[in-house]
Amino acid sequence: MSVAETTIAAPRAGTAELADPSAVRRALRRVGGWLHASVRYPGTLIAGVFVALVILAAIRPAALTRRDPYATAPAKMLQPPSAEHWFGTDQLGRDLYSRVVYGAQSTILASLVSLSIAIAVGVLFGVIAGYVGGATDAVLMRLVDVLLSIPGLLLSITIVTAIGFGTIPVAVAIGVASIPTFARTARAQTLRVCSSAYIEAAIVSGVTPAGIIARHVLRNVFGPVFSLALLEFGRVIMAVATLSFLGFGAKPPAAEWGSLINEGRSYLMTSSWVPLLPGLVVVLTVLAVTVLAARSEKELKR
Amino acid sequence: MTKANLAYLGRRLLQAVVVLWASYTLTFIILHLLPSDPMQTILQSRGQDDASAQEIAALAHQYGLDRPVLVQYAAMMLAALHGDLGVSYMQGESVSGLIASRLGMTLGVSLLAIALAVVVAFGLAFLAAYTRHPALRGLLGFVPNVTISVPIFWVGLLLMQVFSFSLGWLPAMGADGWETMVLPVVTMSIPPAALLGRMLMNGFDEALASPFITAARARGLGRGRLVLRHVVKNGSLPAFTVLGMIVGSTVTGAIVAETVFSRQGVGMLIQQSVQAQDIPVVQGCVLLAAAAFVVINLAVDMIYPVFDPRIIVRTAGKERS
């Protein structure tokens, strides 16, 4: 915070009865900053609204559609998009739009589980490696680097071969493959923090290692890890959709974006909306998440 | 060759061997220690769920699964070094044979895709560096960032719909004739083109900002020749280092593209084997991909000093500290 902000934020004499005006002011300023940013960058606003809709679909699908995604109606199969069925119907007469909405649940859930695994394990390894240093650092980082010896999505595919198919196995597989990036970032941040003078001062004043990690290291690690998580979120969603498209995700009739596209493949020639519309939703979601991530990275850097 | 060069080469070679060993060990651990009962997997792959105890024991012996784990690990590693990648659970054929019969097709499409990606990426980056309109440059810079967010199975399907079904210009599936290769090549070229394009644009921007370009301009060098000769040569160097990553993502691209366009290549083999939990085939293919990854990275590390000898001193200093 600048000097001017500090003086304004500090409680002035006579206003001691107010319950911490500086915090309220800071919060208002942040909200104001976001509103200002969304007006100045309309693309970001659109992306934000879209992502909010997708997350709403993941949490409460019933809020976005009133139809049952599993209700088959063979008489109405393969109808093109219309006012009644926004995305048309699939080969079993099910409303494609509600299948996409419910599919958001599995896909986003899997992506969040992946990210959680990657962050939890990655930050744990990275912080310990950075803080303890020495042989522990070398061993932990070599272990993490081994995960990088199998390129690309192949590691996730290998894990799925071993542990079986479904939404959670896919999430675990992709999460494990994403660990190295988070471990490296956490370790770099930890090293940077630990070399500062105030850490030395804290150690000398008797703060326990756990206290140092909790109070100083983690707080500084959080920022870059959060930025990285936003960037990785888009990539993880694509990876989940890809593995699900290849048939390693949830089995039908479960609705998952990737498997919806795979099932619809056979109808591409006659009813192209069946595979292409769910795919478009995937594209837009990843695009929106990437736009948000890029914008927030720029804002955090300021 | 100077001593520093030899030391650098020696270090990289040793690193490559270690990474290859690590990928084999990791693959072995995942595929052999995670599944609860490999015999069950084999039986299911073959559709023999209700085999008798004797048949199970015989199969176990045939696949060498009745030996202790460490022996299996060592034996498989030795065999792999001799080119023997084991026997498929599902089809009983040799894994190396299966891969060899399909490798040609996948390699052909992959190499063409990478070539196309390089051409497109260089073209985009060159235009972005050459043009003076900030709007055009912004638009061109937008393209790689957008295409990175697009999943290739969707692009493949879209291309198939437009070019095969609507326009009827190209066949949708099958593997004979060069026409069947066009759509898969284009589809597979998109991720590497996006990645390369972004790296090249950053590299060119950095090169454009460097002092020696200003000096060349001051000496009267025209913009076209300037960009072509100096910026491209210097700005391309950082992009060279992602060649390994491009090869890695091309493997995934091959799996998806061959599934979408029904081509019987190694990618399709991987997809089918994973579906059937055919562990030896998956292990063999992953090992092959990891080996290619290691070899490409090693080649990049070997060739890079030819263009920028500073890297030898830089990495020597880093490894000593």
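Helices (H or I, at least four residues) and strands (E, at least two) are DSSP runs, numbered from the N terminus. This is a predicted model, in which local features need pLDDT of at least 70, side-chain atom pairs count only at pLDDT 80 or more, and totals for chains, interfaces and linings use all residues; side-chain values use heavy atoms, with hydrogens and water left out. Residues are numbered from 1 along each chain as its sequence is written, while chains are lettered from A and ligands numbered from 1 in the order in which they are written. The model scores ipTM 0.86 and pTM 0.85.

**Confidence in chain B**

- Chain B has a mean pLDDT of 82, where pLDDT is the predictor's confidence in each residue, from 0 to 100.
- A pLDDT of at least 70 is reached by 91% of the chain B residues.
- Among the elements of chain B, helix H13 (residues 266-275) has the highest mean pLDDT, 90.
- Helix H15 (residues 310-320) of chain B has the lowest, 60.
- Where pLDDT is low, predicted coordinates should not be read in detail.

**Overall build of chain B**

- Chain B comes to 15 helices and 0 strands.
- Its C-alpha atoms fill a box of roughly 85 × 60 × 30 Å along the principal axes.
- Of its 321 residues, 44% count as buried (buried is under 20% relative accessible area, exposed over 50%, partly exposed in between; 1.4 Å probe, protein chains only).
- Take contacts in chain B between residues at least 6 apart in sequence: 72% of them join residues at least 24 apart (contact means heavy atoms within 4.5 Å).

**Helix geometry in chain B**

- Helix H5 (residues 95-130) of chain B has 36 residues, which should span 52 Å at 1.5 Å a residue; its end C-alpha atoms are 50 Å apart, so the two agree.
- The expected span is 1.5 Å times one less than the number of residues in the helix.
- H5(B) has a kink of about 45°, centred on B:Leu103 (the bend at a residue is the angle between axes fitted to the seven residues ending there and the seven starting there).
- Helix H4 (residues 69-81) of chain B has 13 residues and reaches 19 Å from its first C-alpha to its last, close to the 18 Å expected.
- B:Gly83 follows H4(B), with a positive phi near 90°.

**Annotated spans**

- UniProt positions are given in the numbering used here, feature names are shortened, and annotations may be inferred rather than shown by experiment.
- For chain A, an unreviewed UniProt entry lists "domain: ABC transmembrane type-1" at residues 104-293.
- That span of chain A is 81% helix and 0% strand, with end C-alpha atoms 19 Å apart.
- The unreviewed UniProt entry also gives "transmembrane region" for several stretches of chain A, including residues 39-59 and 153-177.
- Residues 39-59 of chain A are 95% helix and 0% strand, with end C-alpha atoms 27 Å apart.
- Residues 153-177 of chain A are 84% helix and 0% strand, yet their end C-alpha atoms lie 8 Å apart.
- In chain B, the "transmembrane region" annotation (unreviewed UniProt entry) includes residues 182-201 and 237-261.
- Residues 182-201 of chain B are 100% helix and 0% strand, with end C-alpha atoms 27 Å apart.
- Residues 237-261 of chain B are 92% helix and 0% strand, with end C-alpha atoms 35 Å apart.

- A:Ile237 lies in helix H9 (residues 209-245) of chain A.
- A:Ile237 is buried, because its relative accessible area is 0%.
- Leaving out residues up to four places away in sequence, A:Ile237 touches A:Thr107, A:Ile108, A:Ser111, A:Trp257, A:Thr285, A:Val286 and A:Val289.
- A:Ile237 and A:Gly133 are 104 residues apart in sequence and 34 Å apart in space, C-alpha to C-alpha.
- A:Thr167 sits in helix H7 (residues 167-194) of chain A.
- A:Thr167 has a relative accessible area of 17%, so A:Thr167 is buried.
- The side chains of A:Thr167 and A:Glu256 make a polar contact at 2.9 Å (a pair of N or O atoms within 3.5 Å; within protein, one must be able to donate a hydrogen and the other to accept it, and residues adjacent in sequence count only if both atoms are side-chain atoms).
- Beyond neighbours within four places in sequence, the contacts of A:Thr167 include A:Ser106, A:Ala110, A:Gly249 and A:Ala250.

- A:Leu78 has a positive phi near 55° and is not a glycine.
- A:Leu78 is in the loop between helix H3 (42-59) and helix H4 (96-132) of chain A.
- A:Leu78 counts as partly exposed, at 21% relative accessibility.
- B:Ser262 also has a positive phi, about 50°, although it is not a glycine.
- B:Ser262 lies in the loop between helix H12 (243-261) and H13 of chain B.
- B:Ser262 counts as partly exposed, at 27% relative accessibility.
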